[in-house]
Amino acid sequence: MEPFTSDRLPLPRNMIENSMFEEEPDVVDLAKEPCLHPLEPDEVEYEPRGSRLLVRGLGEHEMDEDEEDCESSAKLLGMSFMNRSSGLRTSATGYRQSPDGTCSVPSARTMVVCAFIILVAVSVIMVIYLLPRCTFTKEGCHKKNQSMGLIQPVATNGKLFPWAQVRLPTAIMPLRYELNLHPNLTSMTFRGSVTISLQALQATWNIILHSTGHNISRVTFMSAVSSQEKQVEVLEYPFHEQIAIVAPETLLGGHNYTLKIEYSANISSSYYGFYGFSYTDESNEKKYFAATQFEPLAARSAFPCFDEPAFKATFIVRIMREKRYTALSNMPKKSSVTMKDGFVQDEFFESVKMSTYLVAFIVGEMKNLTQDINGTLVSIYSVPEKIGQVHHALETTVKLLEFFQNYFEIQYPLKKLDLVAIPDFEAGAMENWGLITFREETLLYDNNTSSVADRKLVTKVIAHELAHQWFGNLVTMQWWNDLWLNEGLATFMEYFSLEKIFNELSGYEDFLDARFKTMKKDSFNSSRPISSSVQSSEQIEEMFDFLSYFKGASLLLMLKTFLNEDVFQRALVFYLHNHSYTSIQSDDLWDSFNEVTNKTLDVKKMMKTWTLQKGFPLVTVQRKGKELLVQQEQFFSNVKPEIQPSDASHLWHIPLSFVAEGRNHSKYQLVSYLDKKSDVINLTEEVQWIKVNTNMTGYYIVHYADDDWDALIKQLKINPYVLSDKDRANLINNIFELAGIGKVPLQRAFDLIGYLGNETCTAPITGALFQTGLISDLLEKLGYMDLASRVVTRVFKLLQSQIQKQTWTDEGTPSVRELRSALLDFACTHSLANCSTTAMKLFEDWMTSNGTKSLPTDVMTAVFKAGAKTDRGWSFLLSKYTSIGSEAEKNKILEALASSEDVRRLHWLMKSSLNGDTIRTQELSFIIRTVGRQFPGHLLAWDFVKENWNKLVQKFHLGSYTMQSIVAGSTHLFSTKAHLSEVQAFFENQSEATFRLRCVQEALEVIQLNIQWMEKNLNTLTWWL
Ligand SMILES: [Zn+2]
């Protein structure tokens, strides 16, 4: 999946590893999460054996047979609450094990007590059961230092549910699903039936699978031997979104069975599962559309299934639709039959073996453009009126598909590949096999209104989703703890393929920027190892974050640079060939690398120091003659002693690269390997300056001794071009991050960017604008307007000549064009260099032409923002927003509307987007972030989030990247203790699961960091600037 975030940068818990699927990691995260329970309820499974229940506590002492029987009998009587931490035998009153080990016959008094206890137990179960968003996992209902004890699952019909774990048992394997669906897009309901062919891997009595929100009307069961259909009982346990089919006979290992479930359900009104929505077309007619978004856990809401990525099976999909609609699914259409009632049933070919989260289907009015590539039909679909905007996507897809097939040495296995622009879609895109779904703005490209940034976005998102057809679809992670294997590899390939076939787009600039932002997040104590244990739905949702995507991709970039491109490619090809159509863990990837490196380097050992530890190293270097002293420690943004863990034993195996210039002006490069705390590296000669982490391909921050910083600053002033633009951007980022934690004085950071007047490349300038922009934004929000404008003036003086050189056109290379957008946006936002006047003039002309006059696309946002400052301009922009067909133009207008200084308008925008009337709800997180960034809206955005929290959670799901983005976007510019307490109190008053969300903890850390930053630097800035 490609998450969608408002700053146009795609973004993008803790369980006990399930022993059935995962092994203990070799390297343990040294900064353990607090509050681990001695034994979680999820670790206990119930298994009926004949007429009795056995309780098996994994990892605790095994009970002997008699104990088991007695305990189990107690459970049957409803006494299911045992505090595991205080011992199994401290069970309920009225039940006692007799000394000889046999169960005593209960007395009448005991029976009365038992009945009372049953009543209490059932009530407690009901109360717990009804608690919203509460799960029996570590991240669920628990209170600190309080063990929940065991909960006996009870099905909705009051019977005991035979499975207590969140993860499904592995006794049954699904082989094939036949899914029939009949959706009604106007009533937003559907009828469905699913026939699942199963294989029992071991003897069992129940079939446990996922299902949620279904009205199940009939379940039948058939064994391959008897071939006689029998109606069977189904037990539902909504709490884990599971159902249990009670088989009429013992299922025997190695035998096949068939299960048929008939049901009906609502089409979802969120963005999750099989969801529907309406939109108005160009002639203002209301239209209906339905699509799917299953990743990670929503296939189960569309049809009962084994909804875990490791349960791969094949799928046959049949959809009943009205004639005017088109239906699409993963595979090509096999047949279309018109029924007597006028409906059409489309049947799609049986799919390849795949995970449930990749199943997809769409029903709506669409048109397409198609091209055949060596037997694969590539089609781009959109609603009919936007078919003119799909050409760029088709061209791009064709090139990328050929590139990936050659690079991976594996043909794309399906006969067709559809890419569909969905009119209302939460994520950026989703890689469903053969049917990739997109937001309109990440697929459609309009020649007149799409900017170079839009072109890059569309290209990147297509590249990401195509890479997933191999990484994720063909080879899938076994469980969500290794989501980074899907997303890190797809993100890496996204940038890698851009560099190879769309080099002119300078995708590396975006990747560099993404690495800086990811490291910022990874430097917080609330960060996590990219391979992290997860179990609850919130934990799984939270995995779709910057770390899975960009830390994953950054680590692969580091590895590729260290190994060289050829070895890297061979390892990936080996991995894909070896694990096609199966599911894997991180170790499988590293084993493939070790196979190719042939033990010359233990890649697994090296990479585990990066994937199983959170954070990254700060490498400190100091020159001493021809020697370079290097040492590593963990980098923390937050230096408050109560936040920084004292444990200093984190160690990474770091490929250290250097570029240096000798006394005789000879430039040379070096690579070394640091796998201990400190080391001494011998340089061949004394150098004038040294820059560590060449091109910032390594995932670490570098701090130099004073003399070495001075040498670099001096060199940048003399001739910055001895260093690459990546290195210059890297130095700017590192020095501001180090200044933030007090390792370097802030003046020195400003000293370093003093050379910017000579800078011509985009990455160092946008990096400096980002860092200094953050400082002026924080000062402004605290009311230090004068100081904020002094920061802006200082930066303006540095960049003045570049700003004045800019023309209001679309000329130049993509990189030059993006620099123009950034510089003019900076100048116009701060009313510098007549920028606003020029922008206003262009806006007036555009408005006079009723929006028909074409504007340069790269500066369109700056022009619209200037126009949105007036009442007339804002209203005109809004009227255009509701009537035009170009998503690219709409986005630029929306950004301008949300940059207004009129708080009533900002409030209206957020409200309208939440309701989804004038502005689609998919835009809400973008609007909140944009509003939250400006002075007039930053308090308003937070108020809006607080007031509408429940609605937001309902629409976007707790933990999702949209919610992560909303929380960060509405709080990241707070820098007072009052705001810190307020944000903390607000989230504490929600559920504990909410408070413990990583994005909430991160938001609190960001505010703390801002407070700290001000304490450290405010005085200095006041006298010095
Ligand atoms: Zn993805």
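A disulfide joins Cys828 to Cys835, with an S to S distance of 2.1 Å. A disulfide is a covalent bond between the sulfur atoms of two cysteines. The torsion about the S-S bond is -85°, and the link of Cys828 and Cys835 is left-handed. Cys828 and Cys835 are both buried. By the distance rule applied here, the count comes to 1 disulfide.

**Confidence of the model**

The structure is a predicted model. The mean pLDDT of the protein is 86, and 85% of its residues reach 70 or more. Over residues 8–106, however, the pLDDT is below 50, although this stretch has 235 contacts in the model beyond near neighbours in sequence. Residues 124–149 likewise have a pLDDT under 50, and the model has 63 contacts for them beyond four places in sequence. Where pLDDT is low, the predicted coordinates should not be read in detail.

Strand 13 runs parallel to strand 3 (residues 172–184), to which 6 bridges join it. Within this pairing, Arg318 of strand 13 is the bridge partner of Asn180. Strand 13 also pairs with strand 16 (residues 344–348), here in the antiparallel sense. In that pairing, Met320 stands opposite Gln345 of strand 16.

Elsewhere, 3 strands form an open sheet in the order 28-27-30, with antiparallel pairing. Strand 28 (667–674) and strand 30 (687–692) stand at the edges; each has a single partner strand, so one side of each is left without a neighbour in the sheet. From one strand to the next, the twist averages 25°. Phe658 has Leu670 in strand 28 as its bridge partner.

The table sets out strand pairings described in this report.

| Strands | Sense | Bridges |
|---|---|---|
| Strand 3 and strand 13 | parallel | 6 bridges |
| Strand 13 and strand 16 | antiparallel | 4 bridges |
| Strand 27 (residues 654–662) and strand 28 | antiparallel | 8 bridges |

Conventions. Residues numbered from 1 in each chain as written. Predicted model: local features only at pLDDT ≥ 70, side-chain atom pairs only at ≥ 80, totals over all residues. Heavy atoms only, no water. pLDDT = per-residue confidence, 0-100. Contact = heavy atoms within 4.5 Å. Pairing = 2+ DSSP bridges. Helix = DSSP H or I, 4+ residues; strand = E, 2+ residues; numbered from the N terminus. Axes fitted to C-alpha atoms, helices over the stretch in contact; angles between N-to-C directions. Disulfide = S-S within 2.5 Å. Buried < 20%, exposed > 50% of the residue type's maximum accessible area, 1.4 Å probe, protein only.
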